[in-house]
Amino acid sequence: MQNTGLIKLFAFLFGIVSIYQLSYTFITSKVENEAENYAAANIPPTEEDYVAKREAVEARYLDSIGSQPILGFTSYDEAKKKELNKGLDLKGGINVTLQISVKDILKGLADNTKNPVFNKALADADTASKSSDDTYLNLFFDAFDNIKGDTRLASPDIFANKGLSDEINFQMGDEEVKPIIRRKIDESIISAFEVLRERIDGFGVTQPNIQREGTSGRILVELPGARDIARAQDLLSSTAQLEFWQTYEPGNQALINFFIQANERLRTIVGDTAEVVEKESSEIDSLLSDVAQDTLDLASERNPLFEKLQLNGPGFAIGVAAIKDTATVGAWLRMPEVRRLLPAEVQFTKFLWERPSQDSEVAALYALKSNRDGVPRISGDVVSDARAQFDQFNRPAVGMDMNVRGAKEWEELTNEANLNNTGIAIVLDNKVYTAPGVSQVGGISGGSSEITGTFTVNETKDIANVLRAGKLPASAEIIDSFVVGPSLGQQAIDSGFMSFMIAMIVVLVWMFLYYGKAGLFADVALVFNIVLIFGVLSSLGAVLTLPGIAGIVLTIGMSVDANVLIFERVKEELARGKGKGQAVADGFNNALSSILDANITTGLTALILLVFGSGPIKGFATTLIIGILTSLFTAIFITRLLVDWYLSGKGRTLDFTTKITKNLFRNLNINFLGKRKVAYIVSGIAVTVGVFSLFTKGLDQGVDFVGGRNYQIRFVHPVNPSEITSDLTATLGSATAKTYGDANQIMLTTNYKVDVEGTEVDEEILDILYNSLQKYLPDGATYEDFIPGGTNEDVGVLKYRKVGPTIADDIKKNAVWAVIGSLAVVFLYILLRFRKWQFSLGAVVAVFHDVVLVLGIFSLTSKLMPFSMEIDQAFIAAILTVIGYSLNDTVVVFDRIREIIAEKGWSAGDNTNLALNSTLSRTLNTSLTTLVVLLSIFVFGGESLRGFMFAMIVGVIVGTYSSVFIATPVMFDTLKKSVQQGKESIKA
């Protein structure tokens, strides 16, 4: 081998850099284990809320030693930035996809115009977006063009307004305005991206990830290690729309009369269908019983409104209601027929609920002085600074400073409030946080104010953080979320490491048993390959996920394939009587073509997976691509260096076999082509049954493809999923529970309120689950124990996933394009590589055969298997990997056919059979090794990977079969008869 010195230097440097990069991961792991042990020694498990206390102690410990030097070249803080990133499924945390509302941005750019054509175009775009892949902005432009008549985008009441006067004038045509609006939309989304980045930076998690998804207005956010899930969701989805409103004076008679008339009107609207609520004795009764109702005598009649709302609330609130009734009361007060009852002097009143304290069962309703346009007296853009602080009673609060304009407006507003005996409601994202009165005559000067309430320290930090970062330019809806509790992340690490070590040991032992000393050299190269993979992942800042570990373990099997190809070719050269050195050189050279072809085809499918996949699946594709590249380097160069080094020693021999394997697969003469008709019949029947099942039974589609939510919930004792399904269907309307792994664990799926956005629905469902599953939980289990990342890591919700209908449609379309793209890429590559469409057709038919069989088996056995057989993104990753593996096998066979036919011709299929027989040892060896690796992950890799691995196991079996009995026969049968008989030649 030429340039051995250069290769040795490169390998040495590559290895040193990889070890150096991984050293940071070992350092942080060691320090964090010391912090964990320190916390455990100081906080015994008998203390109340010991988990949270230990976390606080760990954080203080790590802060105290963060800057201390370690090993003379780094510190914990520095190492933490450079350690190997772990994904949510290994570390716990939250992954969300936010949809920035382009509709809100358009309305803002048009200055909230009332123009009927503009608003009709928005409504039409809303409708079209539910069934179209196009961007919302394009749909709006199309809708506007269809109905505009004489109206132009540059109309004074649309985009040629004061705010855009520097860029849009009345003379511009629509085609001139559209690029400007596109740029403005893009700038707004960039602004939202930067606002979210600033918020995340202040949240305090390490290695956060935030990125835009093309021009769709979507922003992906990953917060690995985030334990307070609700806090993270609020931080991401709040628009930080800060407003200051004036309330009405207590006991305003015009408002009281309005509520009396509204109650009368609701009697006719709601009628007797309204549910009469039988209240249990609770905090609600004790609070509401003290409310004065001197002006009303309602006991003898049906009163829909006053059964849910009590007037004369605390302070400047107009009333108070149970939290569970706020949505109903709010909907009633927004009814046009009810709004029309407001007297002229209060006709523009804005009704908002307070932000209730954590344990409260009631919320106060505020009536705010508004105007025709619903614009607040002061908005949050006047805030120049915000900070977490403590009020005069030493309670957590948020202090704010205003700019010059804001200070002047604040003094005017507080002066009016003092004179009129009204309060000032401080509103953040349509929730009243506080509404104090003003006692200072002449108002408050200086522009300083304070938000008080029932806050925790973390809440005041978050509020100050979002106010400093600024408001989002539009609402941000969470359309896809994935939450993993920290305990489940640790279990994933343990199961992934277990499967990895077992697969590694099995492969290392097998290579030694099969190839003897040469197998040991392959083992050394394989171990070096693993070091390189982790080193590259760490240096690139890539994220390691559980599917990523599966990709690495699969790489072990695939890297063996390259060594097997080389060793089998060396054995052939030795059998021809060549000397050891020449046989090794020719074996490596002759195997190179097959190795490159096989790895390129697999790499191409991995690239497609990287483009169309998301989340953990990208992790799988990333590790697979890196693994393919490092496997090529170690197999072609490192193994060769070791073999050459050994053979250069005096008197050393290397046989590439053992006594057991010496005569295996030698002198085979199986007539594979002669059995192709039987194979066609068997495969035809199997494909027909699979297709029939797909059309009749279909597939068990997961929430990735149909939308909805699923929750992995663990209990102390085994539970009956049918019984849980029945219990939850009664409350959620739609629910399916299945055993997930152990008998004390279920996966619950529901589409309850899947169309409704907002964290409130997530909290509502968690509350319903907690209350409905009480009898299955241990005595004394609290809501905090039950939620993900809660105080009890052994029971409750371990992880949950929410996929909105829009994102589900996109995932499904991406999956289809990924499979179609893989098949197209395969066809083109093989056509370019082998220069004959017959080879491409054979490969594509084989791949199609494999995919249909895997889908058919999933359809037939989905109700029979004791593990989840749902079709999700991981399954699509498995299908694409099956495509890659099937091609890997097929290309190796085709390479050998091309080589032998070039020497000896087709000869009526005899030489094709010769090629198949000569590759059988490699085919079975690689397939069996890969199957052992996959079985290791299937058994030890954790429940979440079982369906994924089952698909790959089936795919490897059918892929091995199809490369011999489908791809090659189809290729041969599509040749001309004259070519088959050897009477005519082709350039293969």
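Predicted model: local features only at pLDDT ≥ 70, side-chain atom pairs only at ≥ 80, totals over all residues.
Local features require pLDDT of at least 70 and side-chain atom pairs pLDDT 80 or more, while totals for chains, interfaces and linings use all residues. Residues are numbered from 1 along each chain as its sequence is written, and side-chain values use heavy atoms, without hydrogens and water.

Helices (H or I, at least four residues) and strands (E, at least two) are DSSP runs numbered from the N terminus. Axes are lines fitted to C-alpha atoms, for helices over the stretch in contact, and angles between N-to-C directions run from 0 to 180 degrees.

Helices α18 and α28 pack at about 10°, their axes 13 Å apart. Because of that angle, α18 is roughly parallel to α28 (under 35 degrees). Contact means heavy atoms within 4.5 Å.

| Helix | Residues in the contact |
|---|---|
| α18 | Leu 554, Met 558, Asp 561, Leu 565, Arg 569, Glu 572 |
| α28 | Thr 881, Asn 888, Val 892, Arg 896, Glu 899 |

The contact of α18 with α28 has five charged, four nonpolar and two polar residues. Here Asp, Glu, Lys and Arg count as charged, Ala, Val, Leu, Ile, Met, Phe, Trp, Tyr, Cys and Pro as nonpolar, and the others, Gly among them, as polar.

The open sheet has three strands in the order β13-β14-β17, paired antiparallel; pairing needs at least two DSSP bridges between two strands. At its edges lie β13 (383-390) and β17 (448-451), each pairing on one side only. The twist from one strand to the next averages 25°. Between β13 and β14 (residues 396-402) there are seven bridges, and the bridge partner of Ala 388 in β14 is Val 398. Helix α14 (residues 404-420) packs on the sheet and touches β14 and β17, its direction making about 110° with that of β14.

Technical notes
Parallel < 35°, antiparallel > 145°, perpendicular 65-115°, else oblique.
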